[in-house]
Amino acid sequence: MEQRGRMPKRKRRESLMLTSMMDMFTIILVFLLKMYSAEGSVLTNADNLVLPNSISKKKPKEVSLQVAVTGDMILVDNQPVAPTEDARRIPNDEPNPIVAKLEEKLAGCYAQEQEMVKMGALNQIMGKVVVQMDKNIEFDVLFKVMNTCGSVGYNKMNFAVMEREGGL
Amino acid sequence: MANKIKKIGGGEQEMDLKPFMNLMVVLIPLLLISAEFARIAIIDINLPEGRGSQTKTAVKKPPKEEMDNKLLLTAIVTDSVVTLGAKGGFLPSLFYQEFHRYVARDDQAEFTVKYDPKEKTPPKHPVSGREMTIHERQDILLYACDETFSEIKKCLYTPFGEMVTDADGIVVTAVNVGDTVYALTNPRRLIVVENPAEFELKPLSIYDELKNRLMKVKERFKDADDAEDIIIAAENEVIYDKIVQIMDAARMADFPNISIAKLRS
């Protein structure tokens, strides 16, 4: 009853308070800008492959040949080449362990590089390879893959890793 | 006075935030799409000398004078021991016990199990009892232990997770107010203890102890011709993840030129 007698309140125009939202957006924007990389990535991660974490912050500068080794397959530039079991089957006492199918594929890639040098598309043969290896692979397989790469002529090797905070 | 000025001005003026909001709404999704949350980096690796070029000139022995100023630092890694060798001698071996930290994919449950090389079946989820897959293994933790593998060694760590040593690089297990200790950074950071409760006694990580020893080697032989080189020689069964962590320890101790070699059984 009392309410009826009261003077009706004047309608006030309510505006949305955007200050806190603006603060939040600014923080997100700064964070994302910090994360943003204009260079992009020249490395692609193969499926079913977990790279080890490392403090290394060195970025791959140019596109080079990628050899990926997962638990069950060896891939060159994301194309399956040989089962990893092939590398495991090579006897441990073999003085020069070579994974035959991988060597064949790499030799083809090396020949392509040579051809590009002849055509003038490249100054010299790079001989660079980035090895992406699953972190749970045993050293034996790593060594045999490295030896195969080295025997073909890919002597400048890099290991791909996942960057971890607090690195060098 | 201030009120008067307001009235003359014709009420409070609010900044129009709409264009700014529009910009944010466009920018944030755009950046979210292009952001790299997991970045891939690379580690440079050298092939061991002589590999791939087994010619007579490559395997020829260098003169004795050249060898005298060589450090020839080698880290030998097996499934239970890490040993550092330099100048033709060896430092005392670091024995370790291996623990695996798993994170379950389904319920994100975390647990750590001691690794037994003789045990062939994978560990089981503590609640559901299902067998864990190899890709659910997040970390391989190596803790220093005694020669009988019965007792894990411990060490004080700073609140930032840095191992604490004394001036000689010996592991510290207790501190008092006023003590002077060093955090294992490169170079070592001096700490005067004000509050001993800040430091936590934890199992001694083999990677930290390895970095500590490598830093001592570096300090002593910094003038060697190959003062930046290290060869990591591992057994066949050693997991690649361990090799990468050892490489990290070497790089943090200022040995950036890393070569890989195989330990012949």
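Phe25(A), Ile28(A), Leu29(A), Leu32(A) and Leu33(A) of helix H2(A) meet Met24(B), Leu27(B), Ile28(B), Leu31(B) and Leu32(B) of H2(B), where contact requires C-beta atoms, placed from the backbone, within 7 Å, and where helices are DSSP runs of H or I with at least four residues and strands are runs of E with at least two, numbered from the N terminus. The residues of this helix contact are ten nonpolar, no polar and no charged, with Ala, Val, Leu, Ile, Met, Phe, Trp, Tyr, Cys and Pro counted as nonpolar, Asp, Glu, Lys and Arg as charged, and the others, Gly among them, as polar. This is a predicted model, in which local features need pLDDT of at least 70 and side-chain atom pairs 80 or more, while totals for chains, interfaces and linings use all residues. Residues are numbered from 1 along each chain as its sequence is written, with chains lettered from A and ligands numbered from 1 in the order in which they are written.

The contact between the chains takes 47 residues from chain A and 41 residues from chain B. On the side of chain A that touches chain B, H2, strand S5 (128–133), helix H5 (139–152) and strand S6 (156–163) each supply at least two residues, and by class that side has 28 nonpolar, twelve polar and seven charged residues.

Strands also take part: S6(A) runs antiparallel to strand S1 (residues 40–45) of chain B and is joined to that strand by six bridges, where pairing requires at least two DSSP bridges. Within this arrangement, Met162(A) stands opposite Ile40(B) in S1(B). Chain B itself comes to five helices and 14 strands.

Key
Contact = placed C-beta atoms within 7 Å.
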